[in-house]
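Please keep the sequence and the 3D view open as you read.

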Amino acid sequence: MDHIANLRRMGLFDARVPRYTSYPPATAFTAGVGSDFQRDSLAALDPAVPVSVYIHIPFCERLCWFCACATQGTSTLKPVETYLRVVQMELALLAQQLPAGIRMGQMHWGGGTPTILPPDMIRDLAQAVKDVIPPDDHFSFSVEIDPTLVDDAKIAMLAQMGMTRASIGIQDFAPDVQAAIGRVQSFAATKTCVDSLRAAGITSLNADLVYGLPHQTQAKLADTIAQVRSLDPDRIALFGYAHVPNFSKRQKLIPDAALPKEQDRYALAQQAARAFTDAGYLPIGIDHFGKPADSLTQAMQQGRLRRNFQGYTDDTCPSLIGIGASAISQYAGGYVQNAAATAAYMARITAGDLAGHRGYAMGAEDRLRAQAISMLMCDFQIDLTVLHQHPEAAILAPLHDAVLDQFAGMVVRDGDTIRILPQGRPLTRIIANAYDGLGAVAARYSQAS
Ligand SMILES: C[S@@+](CC[C@H](N)C(=O)[O-])C[C@H]1O[C@@H](n2cnc3c(N)ncnc32)[C@H](O)[C@@H]1O
Ligand code: SF4
């Protein structure tokens, strides 16, 4: 049987499994874990250990049809202003719970489109966060940037407020692909944005690309890759298009017939991976590439790579405080997500309560499974000596055997290591799913290839 047939037999084209940006995935969160859990978790933070902060800006000027992010369109800044006033109120509520002296090691602004904010709003928001959680000496600040909705003044203000890394959305440069995903973005506008970021002193640049988009072909993707390479990003995130029209209604504008067929989609992913590695980038986890000197590449090489809601990270802070609608926080005891709809989030905060409304309290077995899944997603292997530090490690013993059997030729045992071989890496999410104890609801997830 050839390699593709083997991958198919092992579920590559059929499996619907989480991307495991967390374990448990957010779809396993329940209503029983909310603001009480959030309050206790905040109060229990160790003030000597810096925290990460995520701010969600759920607004865009245009709504790209392919996008599955939690966001809404607006043609004026009025709802954005109102929202930011509520975010300031959330910060005040958080301040009441946080231990005195706690510091911020890392901040990320995502969305939606954070660069919808004009410079004065950028300044006020960044300052408000810093007033509540002052940055520590190694503070880093990353921002998701839509190159079509940013200008020099916004970039200058982000840089002034401490931005160290910018992540720019590209997806694909082919005009017919852009038309089919409702996202027109010229190479010229993207290059202007990149040049402005570099001129403002931003030395770490990430570019988001997506394969599996409607009308994408290998020839068009080769052109996009050449254009992306000419922009010389330090990192690339290459996401497989997650087509989940039942959950992201705007994706109904993308006809299924225009999507590359499963093997073509797989070939596109392979082509892009080859092109970036040929160009000197190193593969990081299942969907990132980095230059050798990039901090994420270094983290991968030194076994420090971690997974969080943005994908891969070298962030060392153990806790993450999510602020804004739909933002997820991670604490030692588990996860809690703010109310997802902007109106529901604002109602909670203006009523004087924290906005956490769903979550998951981690038990000992969850932590064990989370560690196994994280090692697979970050390192393509499970170090059994690490797992055996968990008192319940024996629970997973039958799973290791089952995985070695089910994925024979793709996964091997090598002493105390269960290793995914290079040819088995496309199956990583499916292999990780074997360690998921929660019976994920398959229909909610995108395909694994
Ligand atoms: C919040 S958006 C990017 C920031 C900014 N709004 C922009 O458009 O440039 C984050 C990234 O998620 C990825 N993304 C969104 N929807 C996706 C989907 N359905 N499948 C795969 N990747 C997706 C895209 O690569 C996108 O750049
Ligand atoms: S890709 Fe960016 S600009 Fe487009 S809808 Fe999603 S968040 Fe908004």
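## A hairpin with a positive phi

In the hairpin of strands S18 and S19, with 2 residues between the strands, Gly-415 has a positive phi near 65°. Strand S18 covers residues 411–414 and strand S19 residues 417–420; the two run antiparallel and are joined by 4 bridges. One bridge pair to look for is Arg-413 with its partner Ile-418 in S19. Strands here are DSSP runs of E with at least two residues, helices are runs of H or I with at least four residues, and both are numbered from the N terminus. Two strands pair if DSSP finds at least two bridges between them.

A word on the model itself: it is predicted, so local features need pLDDT of at least 70 and side-chain atom pairs count only at pLDDT 80 or more, while totals for chains, interfaces and linings use all residues. Residues are numbered from 1 along each chain as its sequence is written, chains are lettered from A and ligands numbered from 1 in the order in which they are written, and side-chain values use heavy atoms, with hydrogens and water left out.

Most residues other than glycine have a negative phi, and most peptide bonds are trans. Against that background, have a look at His-215, where phi is positive and near 70°. His-215 sits in the loop between strand S7 (204–211) and helix H8 (218–231).

Ser-326 also has a positive phi, near 70°. Its loop runs between strand S13 (320–323) and strand S14 (328–331). Is Ser-326 buried or exposed? Ser-326 is buried, at 12% relative accessibility, whereas His-215 is partly exposed, with a relative accessible area of 38%. Buried means under 20% relative accessible area, exposed over 50%, and partly exposed in between, using a 1.4 Å probe and protein chains only.

## Two cis peptide bonds

Tyr-23 and Pro-24 are joined by a cis peptide bond, with omega about 0°. You will find Pro-24 in the loop between helix H1 (3–9) and helix H2 (35–43).

Another cis peptide bond links Gly-111 to Gly-112, and here omega is about 15°. Gly-112 belongs to the loop between strand S4 (104–111) and helix H4 (119–132).

## An exposed loop residue

Finally, turn to Asn-246, in the loop between strand S8 (235–240) and helix H9 (262–278). Asn-246 is exposed, with a relative accessible area of 56%. Between the C-alpha atoms of Asn-246 and Gln-160 the separation is 41 Å, and these residues are 86 residues apart along the chain.
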